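Subject: Structure handover

Dear colleague,

Here is the structure for your files. My notes on it follow below.

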Amino acid sequence: MKKLLIALGALALAPFPAQAASFMNGSFEMGTNDPGAGFVALNTGDTSIAGWTVGGAGIDYIGGYWQAADGVRSIDLSQLDAGSVAQTFDTLIGQAYRVTFFLAGNPDGAPNAKTVLTMASGGASQTDTFTVGAGNTHANMGWTPFTYDFVANGLSTTLSFASQTGTPYGPALDNVSVLAVPEPAAWALLIAGFGFAGAALRRRRRETFVAA
């Protein structure tokens, strides 16, 4: 019985890690260019936000200028024109992953519809739009969760978010996470295994009680 429980424990841990090992700083809280109560402009090639590389026409690194979805920092994916950020992290070949991220929009100017293109290397791209409403302000950004799924085709994957809004008032991004998605068959095997272990344990207890 003890060996069976150990084996099931190993099965629970081995097939699907809880999170991509080296993905980091999804809420952009770690950065050497402190935006303070406002924001700082970061140009293409900048790596001052830990784990992330800036691309396109640059981004604005937001501090207390507006409400963050998580922590106190976020980013506007358009500096003066459409910019982007990307991060490369460890993955398992053939493993499915789900990216969760929160979008809002810079409420300071048009257009109201702010669009982001999300893509993982080797995967399909996805576009999502956040529309700034009359009630969205610096204090009430209206952060909304979105998801993007991909299957890794290499031992590392580059995940990117690119603004499709070519003005200084772009889509805002925060609270990005990457989680491995267990296969349904693996879950079924694990549940069945624990069910068998529970039944065996109950039977052993009954046998012990009768013997006593």
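In which sense do strand β2 and strand β5 pair, and over how many bridges? Strand β2 (residues 53-56) and strand β5 (residues 83-90) are antiparallel and share four bridges.

Before the rest, the conventions. The model is predicted, so to speak of local features pLDDT of at least 70 is needed and side-chain atom pairs count only at pLDDT 80 or more, while totals for chains, interfaces and linings use all residues. Residues are numbered from 1 along each chain as its sequence is written, and side-chain values use heavy atoms, with hydrogens and water left out. Helices (H or I, at least four residues) and strands (E, at least two) are DSSP runs numbered from the N terminus, and two strands pair if DSSP finds at least two bridges between them.

The sheet

Aromatic pairs

Rings of Phe, Tyr and Trp (its six-membered ring) pair if their centres lie within 6.5 Å; planes under 30 degrees apart are stacked, over 60 edge-to-face, and the rest tilted. This rule gives 10 aromatic pairs. Phe39 and Tyr65 form an edge-to-face pair, because their ring centres are 5.1 Å apart and their planes stand at 70°. Phe39 is in strand β1 (residues 39-42) and Tyr65 in the loop between β3 (59-62) and β4 (74-76), so the pair ties together parts 26 residues apart in sequence. Tyr65 also forms a tilted pair with Trp66, at 5.8 Å centre to centre and 50° between the planes. For accessibility, buried means under 20% relative accessible area, exposed over 50%, and partly exposed in between (1.4 Å probe, protein chains only). Trp66 is buried at 4%, whereas Tyr65 is partly exposed at 28% and Phe39 is partly exposed at 41%. Elsewhere, ring pairs link Phe23, Phe28, Trp52, Phe89, Phe101, Phe146 and Phe161 into a cluster.

Salt bridges

With a salt bridge taken as a side-chain nitrogen of Lys or Arg within 4 Å of a carboxyl oxygen of Asp or Glu, the count is two. Arg73 and Asp34 meet at 3.0 Å, N to O. Arg73 is buried at 12%, and Asp34 is exposed at 52%. In the salt bridge of Arg98 with Asp149, the closest N and O atoms are 2.7 Å apart. Arg98 lies in strand β6 (residues 96-105) and Asp149 in strand β9 (residues 144-151), so parts 51 residues apart in sequence are tied together.

Gly170

Gly170 sits in the loop between β10 and β11 (171-180) and is buried at 0% relative accessibility. Leaving aside residues up to four places away in sequence, its contacts (heavy atoms within 4.5 Å) include Asp76, Ser78 and Gly105.

Regards
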